[in-house]
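Student: I would like to go through the labels used for this model and check each one against its cut-off.
Tutor: Fine. Here is the structure.

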Amino acid sequence: MLERLNQAMEHIEHGLDQSVDVAGLARIAATSEYHLRRMFSALAGMPLSEYIRRRRLTVAGAEVLAGRESLLEIAVRYGYGSGEAFARAFRAMHGVGPGEARRTGTALVSQPRLTFRLTVEGSNSMRYRVVDRPDFTVVGLKARVPLVHSGPNQAIIDFVRGIEPKALERLEKLSDQEPQGIVAVCDDLDPSRAEGTELDYYQGVITASAAPEGTSALPVPAGTWAVFTASGPVPQAIQELWRDVFTEWFPSNPYRSRPGPEVLRTLLSPDKTEADAELWLPVERERS
């Protein structure tokens, strides 16, 4: 998987002055476009689209300083429809406009080329199981919240705090399938998975029952799920579990992620500083 991913990275380098076809990159990496975006974001710490943008502006910056072509020619080559659009993007990355950079020869920001390597540590084992599930429904209370990669998500905290305990008690009585009890469900994430993009967040249950008045229902089709467990401090243990699944488990196993909701069941310690977590992710077997 990592070898093919590096081939896709090489393909990006040869096409920075063209429109990058992410579906084509997925074919090179022998995986789905959805899984490629997920894998890249987890491994690189940034969305694939952001990496491509930063690489383009890095190469364009070198051409700006070289001074052999006009700024407009450079802008058009790297996909910007006008000098103004190029200048805005250039300044956002480099902290200075292209004209000033050329006049003063100022230092620019550089996004290095990425190469992925597998580091074998072997100090930790990951607990997981793979299960086939018939279709089910998520029933619960729903909010649109921003994606936060590290640290507390205040929007989710505020949303959950605003739910009346009796409403959760009524919902919990509807739970009749794994994972049992109140769960957190994330759905309709932006494909880039960039920090700050929005997603649908449900506080609810997995059930075959109809959604009561005042709640939302999310039908989920039948499919295969990988189930991971972890224990530790909140929220670090849960966020690290998400990270480890994509940086360690997927590269080592014949599965890839597929579109669908991500389900998390969390059992908090009495002081709410530690948790036992169970993460359900929709997966499919990689095609050989």
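Student: Why is His94 called buried?
Tutor: The model is predicted. The relative accessible area of His94 is 8%, and buried means under 20%, so His94 counts as buried.

Student: Where is His94, and what does His94 touch?
Tutor: His94 is in helix 6, which covers residues 83-94. Leaving aside residues up to four places away in sequence, His94 touches Leu57, Thr58, Gly61, Leu108 and Val109.

Student: How do you know that the span of helix 10 agrees with its number of residues?
Tutor: Helix 10, residues 236-252, has 17 residues, and at 1.5 Å a residue these should span 24 Å. The end C-alpha atoms are 23 Å apart, which agrees.

Student: At which residue does helix 10 bend?
Tutor: At Val245, by about 40°.

Student: Which elements cover the buried residues of helix 10?
Tutor: The cover includes helix 3, strand 1, strand 6, strand 7, strand 8 and strand 9. Among the buried residues of helix 10 are Trp242, Val245, Phe246, Trp249 and Phe250.

Student: How many aromatic pairs does the structure hold?
Tutor: The structure holds twelve aromatic pairs. One of them is formed by Tyr128 and Trp249.

Student: What makes the pair of Tyr128 and Trp249 edge-to-face?
Tutor: The centres are 5.1 Å apart, within the 6.5 Å limit for a pair. The planes are at 70°, and over 60 degrees counts as edge-to-face. Tyr128 lies in strand 1 and Trp249 in helix 10, so the pair ties together parts that are 121 residues apart in sequence. Tyr128 and Trp249 also belong to one aromatic cluster with Phe228, Phe246, Phe250 and Tyr255.

Student: What lies over the face of Tyr255?
Tutor: Arg285, at 5.2 Å from the ring centre, where the distance limit is 6 Å. The charged end of Arg258 sits over the ring of Trp225, 5.4 Å from its centre.

Definitions and conventions. Residues are numbered from 1 along each chain as its sequence is written. This is a predicted model: local features need pLDDT of at least 70, side-chain atom pairs count only at pLDDT 80 or more; totals for chains, interfaces and linings use all residues. Side-chain values use heavy atoms; hydrogens and water are left out. Helices (H or I, at least four residues) and strands (E, at least two) are DSSP runs, numbered from the N terminus. Buried means under 20% relative accessible area, exposed over 50%, partly exposed in between (1.4 Å probe, protein chains only). Contact means heavy atoms within 4.5 Å. The expected span of a helix is 1.5 Å times one less than its number of residues. The bend at a residue is the angle between axes fitted to the seven residues ending there and the seven starting there. Rings of Phe, Tyr and Trp (its six-membered ring) pair if their centres lie within 6.5 Å; planes under 30 degrees apart count as stacked, over 60 as edge-to-face and the rest as tilted. A charge sits over a ring if NZ of Lys or CZ of Arg is within 6 Å of the ring centre and within 35 degrees of the ring normal.
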